Amino acid sequence: MDFNVKKLASDAGVFFTRAVQFTEEKLGQAEKTELDPHLENLITRADGTKNWTEKILRQTEVLLQPNPSARIEEYIYDKLDKKLPSKATNAELLGQYMLEAANDFGPVTPYGSTLITVGEYQKRLGGAEREFLHTSATTFLTPLRNFLEGDWRTISKERRLLENRRLDLDICKARLKKAKQAEAKAAAAPDFQETRPRNYVLSASASAVRSEHELRVAQTEFDRQAEVTRLLLEGISSTHLNHLRCLHDFAEAQATYYAQCHHYMQDLQRELNRCANAVGAPLPPAAVCPNPVSSAFLSGQSSPGATVSTSSGQRPSTLAMEQTQLPVTGARKAKVLYDYDAHDSSELSLLADELITVYTVPGMDPDWLIGERGNEKGKVPVTYLELLS
């Protein structure tokens, strides 16, 4: 084992002198070199970025995975650099249990067939949740972790080095101050009746010169390290821009996920009402999920006092739009966000990114609009559209 005793002793001496300087500064017994105000502001901004990034990261992890045991398992697999085994989401498990129960009770019975219908949609909801979790982890959580475990560690290392250079600088300043005082005292003191050699004054002067040289070296190293640290801290602005893009991606992933869930639940309501009507027992209004879309989303297009039906199953199968002469309200352009397949002849199939004309008519369900594309016309779901001004 290569063990350098001299280097160890030197490092221990440097550590001790820095500790003494730091303690004296805290006790107000030594002077402290203050950093540049701009650098201090950058440090404060960086600390705030680090602290808030940690809080946002932790709370987002809780939002995406409320189970603490599962989060611990994910953390362990991540640290071991191993891929986490794929697991079914809670909705997927629920859907699977419903399908198995339907097979047990009989798939042709009303209860069994309904379990199959609801179970299939629960599995679809679970699939949408899985995609949302994967997208959020990739586009939002990973960049935040990379900042904390990469860029911030580099910044912290350079800041610790800057603090050591500052302590060394203040130590050299203190040494030079003592050397100057000793030089002045030696020059003003009597010759002690020739009992002390005359090189006493020369020795004090040489000590002051050496201290001045050490101070210049320490100042140069401090300035160089301050510049390196400043450049790293100014990079926090780029970090904010990167996190801003990630935040937009996260919000878009959330919007897509909730829109998919809303669409699936609307389809499930139609299926349940269709099945209930087939057996002559329509669902009561209380059994239908409330409308989760705010009427403000339509920008006030719905006419006041219009009667809104609670489920699509209670609407006619076709609108006979060519013969309908109801007044049109608020015609405008809309961009299609996702593909949509029409479920019956009253609806209009959509392709993502195409532009269509949409409007509403009095008494129409606020979840739907009338869409026109050339000579084609039909109902389209609001959640699949971005209304343009």
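Analyst: Buried means under 20% relative accessible area, exposed means over 50%, and partly exposed lies in between (1.4 Å probe, protein chains only). This model is predicted, so local features need pLDDT of at least 70, side-chain atom pairs count only at pLDDT 80 or more, and totals for chains, interfaces and linings use all residues. Residues are numbered from 1 along each chain as its sequence is written, and side-chain values use heavy atoms, with hydrogens and water left out.

User: Why is Arg166 called buried?

Analyst: Its relative accessibility is 2%. The cut-off is under 20%. Arg166 therefore counts as buried. Arg166 lies in helix α5.

User: What makes the pairing of Arg166 with Asp170 a polar contact?

Analyst: The two side chains come to 2.6 Å. A polar contact is a pair of N or O atoms within 3.5 Å; within protein, one must be able to donate a hydrogen and the other to accept it, and residues adjacent in sequence count only if both atoms are side-chain atoms. The Arg166 and Asp170 side chains make such a contact.

User: Which class does Lys177 fall in: buried, partly exposed or exposed?

Analyst: Lys177 is at 48% relative accessible area. That value falls in the middle class, so Lys177 is partly exposed. Lys177 sits in α5. Its C-alpha is 8.5 Å from that of Ala208, 31 residues apart along the chain.

User: And where does Arg159 fall, by its relative accessible area?

Analyst: Arg159 is partly exposed too, at 23%. Arg159 is also placed in α5.

User: How many helices and strands does the protein have?

Analyst: There are 7 helices and 5 strands. Helices (H or I, at least four residues) and strands (E, at least two) are DSSP runs, numbered from the N terminus. Read along the sequence, the pattern is α-α-α-α-α-α-α-β-β-β-β-β. Of the 389 residues in the protein, 32% are buried.

User: Why are α4 and α5 called roughly antiparallel?

Analyst: Two packed helices are described by the angle between their axes and the distance between the axes. Helix α4 (residues 90-105) packs on helix α5 (residues 110-188) at about 160°, with the axes 7 Å apart. Angles under 35 degrees count as roughly parallel, over 145 as roughly antiparallel, 65 to 115 as roughly perpendicular and the rest as oblique. That makes α4 roughly antiparallel to α5. By class, the α4 contact with α5 has 12 nonpolar, 7 polar and 5 charged residues. α4 passes α5 in a left-handed crossing.

User: What makes α2 and α5 roughly antiparallel?

Analyst: Their axes cross at roughly 150° and come within 10 Å. The angle is over 145, so α2 and α5 are roughly antiparallel to each other. The contact of α2 with α5 divides into 15 nonpolar, 4 polar and 6 charged residues. The crossing of α2 past α5 is left-handed.

User: How do you know what span to expect of helix α2?

Analyst: The expected span is 1.5 Å times one less than the number of residues. Helix α2 (residues 37-64) has 28 residues, for which 40 Å is expected. From its first C-alpha to its last, α2 reaches 40 Å, close to that value. At the start of α2, a side-chain oxygen of Asp36 comes to within 2.9 Å of the backbone nitrogen of His38.

User: Which residues of α2 are buried?

Analyst: They are Leu39, Leu42, Ile43, Ala46, Thr49, Thr53, Leu57, Thr60 and Leu64.

User: What separates the C-alpha atoms of Thr239 and Thr49?

Analyst: They are separated by 9.0 Å, though 190 residues apart along the chain. Thr239 is in helix α7 (residues 236-278). Thr239 has 10% relative accessibility, so Thr239 counts as buried.

User: What does α3 reach against its expected span?

Analyst: Helix α3 (residues 68-79) has 12 residues and reaches 17 Å, close to the 16 Å expected. At its start, a side-chain oxygen of Asn67 lies within 3.0 Å of the backbone nitrogen of Ser69. After α3 comes Asp81, with a positive phi near 55°.

User: Why is Asp353 called exposed?

Analyst: Its relative accessible area is 56%. The cut-off is over 50%, so Asp353 is exposed. Asp353 lies in the loop between β1 (329-336) and β2 (355-360). Although not a glycine, Asp353 has a positive phi of about 75°.

Terms used. Axes fitted to C-alpha atoms, helices over the stretch in contact; angles between N-to-C directions. Left-handed = near helix turned anticlockwise from the far one by under 90°. Nonpolar A, V, L, I, M, F, W, Y, C, P; charged D, E, K, R; others polar.
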